[in-house]
Amino acid sequence: MKKIFALLFAIGVFATTSFAQTKPAAKTPAPVKKEAVKPAEKSKVATTTTAPTKKDGTPDKRYKENKATAKPTGPTKKDGTPDKRYKENKKG
């Protein structure tokens, strides 16, 4: 009886591993052509971004210039966050 269960278990293991998904073939990315930036354009790009940003272009919140310090218009809670029970503090 033990041999039958061991045989069925082995068949089950081999059957489930044969249905496993195979990895797709690795695609090599096409080489990206970099456009040459003119010296006049380089200075324009450097002057438009005043605050530090991340690689994806979003502002980096670790720097003081990027932190929003706007105070709520309506009443606040003890911890300083806006109290959402009032219409002035609700968005939309």
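Analyst: Let's start with I11, which is partly exposed because its relative accessible area is 49%, and partly exposed means between 20% (under that is buried) and 50% (over that is exposed), with a 1.4 Å probe and protein chains only. Keep in mind that this is a predicted model: local features need pLDDT of at least 70, side-chain atom pairs count only at pLDDT 80 or more, and totals for chains, interfaces and linings use all residues. Numbering runs from 1 along each chain as its sequence is written, and side-chain values use heavy atoms, without hydrogens or water.

I11 sits in helix α1, residues 2-18; helices here are DSSP runs of H or I with at least four residues, strands are E runs of at least two, and both are numbered from the N terminus. I11 also belongs to a nonpolar surface patch with M1, I4, F5, L7 and L8, and together they have about 680 Å² of accessible area. That area comes from the Shrake-Rupley method with a 1.4 Å probe, where for residues only the protein chains shown count as cover. A patch takes residues with over 30% relative accessible area and no salt bridge, joining nonpolar side chains (Val, Leu, Ile, Met, Phe, Trp, Tyr) within 5 Å and like charges within 9 Å. A salt bridge, in turn, is a side-chain nitrogen of Lys or Arg within 4 Å of a carboxyl oxygen of Asp or Glu.

Now for the rest of the chain: it has two helices and zero strands, and buried residues are 7% of its 92 residues. The accessible surface of the chain is about 9,700 Å², with 62% of that belonging to carbon and sulfur atoms.
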